Amino acid sequence: MNQSRLFLFLALIAVSYLLMEAWQKDYAPPPPVVTAPTAAAADGGVPAASGSSAEAVPAAANAANVDKANAPAAPAAELVTVTTDLLRLTIDTRGGSLVRAELLAYPDSPVTKNNPAPPPVRLLNDSTDHYFAAQDGLVSTSGAAPDHRALFHVEQTNYTLADGQNELGVDLTWTGDNGLKVTKSYKFTRGSYVIDFDQHIENGGSSAWTGNAYQQLQRVDQPKPAGWWTSYTDPSSHSFFGAAWYSPDEKYESMPFAEFIKKPLDRPITGGWSAMIQHYFFVGWIPPATDAVAYSTKVLDPDTAHPRYLIRAFGPAITVAPGQAHDSNARLYIGPKLQGTLNAIAPGLELSTNYGWLTAISQPLHWALSKLHSISGNWGVAIILLVLLLKAALYKLTDAQFRSGARMRKLQPRVAALKERYGDDKAKMQQAMLELYKKEKVNPMSGCLPILITFPVFIGLYRVLMESVELRHAPFFGWIHDLSSPDPLFILPAIYVLITMATQWLTPAVGMDPAQAKMMKVMPLIFAVVFAFFPAGLVLYWIINGATSLTQQYLITRSVDRADTKLKTA
């Protein structure tokens, strides 16, 4: 099998894979629009209370219709700003919900000379077209309870984690007419994206209070990219966007927003978590591992321009006797998909970085790249070192491949003579060529194995570059400011085209028919188009792989030529 033909075949597979992803992204059916009143719209995103932990979220028809446009005006709320070393957050005293979150260590765009201080990534957002909020609350069957619309009181509106301070607490309080007092407490820790959350319930009334705590995430779908180039080159356009959850029994599951109405989640889970996932980042609620929690999904206001998608964790029943208190707690993660750290927070949390069917290849690749990055300090250099290590491991195979190729090149005049002898009789021609290869101890299949090993690494690295936040906006040198995005000047694709042309010149075209020969001539143009859309890090990988192969092939070809010359002159 000719090496170039095999690589062309594999390249076409890669192109088909990328086109399939782009097609699914651009032409997937939109979330269905529901015009009739639905249960999800009826409850306005507020669950009804449950009388016991055995009950799941009750029918939404029993919930209060509170989020409609004709609801009575509510007292004005305040916005509380909390700044830590990693996060800048905004808490709305209306419900004590987190409505904005900025990741201070992650700029929204690459840092360049013309853009030295880009704004940070905003994950939670209170704007209409990017709405995303982390909410929590209480519901009760025995009296008033503060849900995520109740008005809380806060002592101040600005909190900052000071230098030398390891923890920062923010308390919000609510007091009901029935004597119930609830204090919501958020605790932030230096160096952590995990927020500890607690609802302290004090019953100052004369009768027992019974209710449930819940946590939920609400968000709208992401806006469509503007223009076809952005759609194909923006990594977020090809990454999963939607809800996800984890259970120890059924492991990690996810649901795009288009599936929310067709296949709503309604399941009790103990020891799990729920999240809203997007490219590189996610927000997730993590209840106590021992709590039996009812998880559900809903679509709010589905017939509007910006329907909201909700995933909720509804906790077990709580009973607080008069004069007693109870604490309901959970944890909230707001941050990047940092591999190697998330499973220490909660089991299965690292699965939020979803490589799909390439997980078996991509996870070891990410681990190897991380180790090489710790040595080199540059992700581009780490990719180069990865290629060199792979080439060293496959040296014996590629050496046999190129020696066989050099000998096949020597056989071209004899193959041409066979073509003249047998004309259009392809069967006899193939038989004669096989006998010639056997006599000269040439194996045309020797070039397949190295490519069959390096090509899966190529595809696996594509997923690593697309999904690993560590490589997001990772600069290389010069004009390459982001290895996870295409080369803005198309210099790397042009370099690889030159390498492809040089490889063709050294590669024997033994046994090719005219149609195949013409196809091989247009291969450089095919690669120019394909690699123009690939992440720069991926093109860098294949440039180094191709350049090292070309060098090795050239040296071996010269060695074989010299050996033949010495043999003839001896």
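User: What makes a pair of side chains a salt bridge in this predicted model?

Analyst: A salt bridge is a side-chain nitrogen of Lys or Arg within 4 Å of a carboxyl oxygen of Asp or Glu. The structure is a predicted model, and a search of the whole of it finds eleven salt bridges.

User: Why is the pair of Glu-102 and Arg-122 called a salt bridge?

Analyst: The closest N and O atoms of Glu-102 and Arg-122 are 3.4 Å apart. The limit is 4 Å, and the pair therefore counts as a salt bridge. Glu-102 belongs to strand 3 (residues 97-107) and Arg-122 to strand 4 (residues 120-122), so the bridge ties together parts that are 20 residues apart in sequence.

User: How do you know whether Glu-102 and Arg-122 are buried or partly exposed?

Analyst: Buried means under 20% relative accessible area, exposed means over 50%, and partly exposed is in between. Glu-102 has a relative accessible area of 13% and is therefore buried. Arg-122, at 37%, is therefore partly exposed.

User: Which salt bridge involves Asp-136, and what parts of the chain does the pair tie together?

Analyst: The side chain of Asp-136 meets that of Lys-184 in a salt bridge, at 2.4 Å from N to O. Asp-136 lies in strand 5 (residues 132-140) and Lys-184 in strand 9 (residues 180-189), so the pair ties together parts 48 residues apart in sequence. Asp-136 has a relative accessible area of 0% and is buried; Lys-184, also at 0%, is buried.

User: What makes Arg-267 and Glu-253 a salt bridge, and where do the two residues lie?

Analyst: The N to O distance between the side chains of Arg-267 and Glu-253 is 2.5 Å, and the limit is 4 Å, so the pair qualifies. Arg-267 is in strand 14 (residues 266-270) and Glu-253 in strand 13 (residues 251-256), so parts 14 residues apart in sequence are tied together. Arg-267 counts as partly exposed, at 22% relative accessibility.

User: Which residues do salt bridges with shared partners join into one network?

Analyst: Arg-88, Glu-102 and Arg-122 are joined in this way.

User: Why is Tyr-333 called buried, and what does Tyr-333 touch?

Analyst: Tyr-333, found in strand 19 (residues 325-336), has 2% relative accessibility; this is under 20%, so Tyr-333 counts as buried. Not counting residues up to four places away in sequence, Tyr-333 touches Tyr-193, Val-194, Phe-282, Val-283, Gly-284, Leu-342 and Ile-345. A polar atom of the Tyr-333 side chain also lies 2.6 Å from the backbone oxygen of Pro-336.

User: Which residues have the most contacts inside the largest nonpolar core?

Analyst: That core has 75 residues, and those with the most contacts inside it are Val-82, Leu-89, Leu-98, Leu-103, Ile-195 and Ile-334. Apart from this core lies another, of 43 residues, among them Leu-365, Trp-379, Val-457 and Trp-542. Ile-195 touches residues including Leu-87, Tyr-186, Phe-188 and Leu-332.

User: How many helices and strands does the chain have, and what share of its residues counts as buried?

Analyst: The chain has 13 helices and 19 strands, and 50% of its 570 residues count as buried.

How values were computed
Residues numbered from 1 in each chain as written. Predicted model: local features only at pLDDT ≥ 70, side-chain atom pairs only at ≥ 80, totals over all residues. Heavy atoms only, no water. Core = buried A, V, L, I, M, F, W, Y, C linked by side-chain atoms within 4.5 Å. Buried < 20%, exposed > 50% of the residue type's maximum accessible area, 1.4 Å probe, protein only. Contact = heavy atoms within 4.5 Å. Helix = DSSP H or I, 4+ residues; strand = E, 2+ residues; numbered from the N terminus. Polar contact = N/O pair within 3.5 Å; in protein donor to acceptor, adjacent residues only side chain to side chain.
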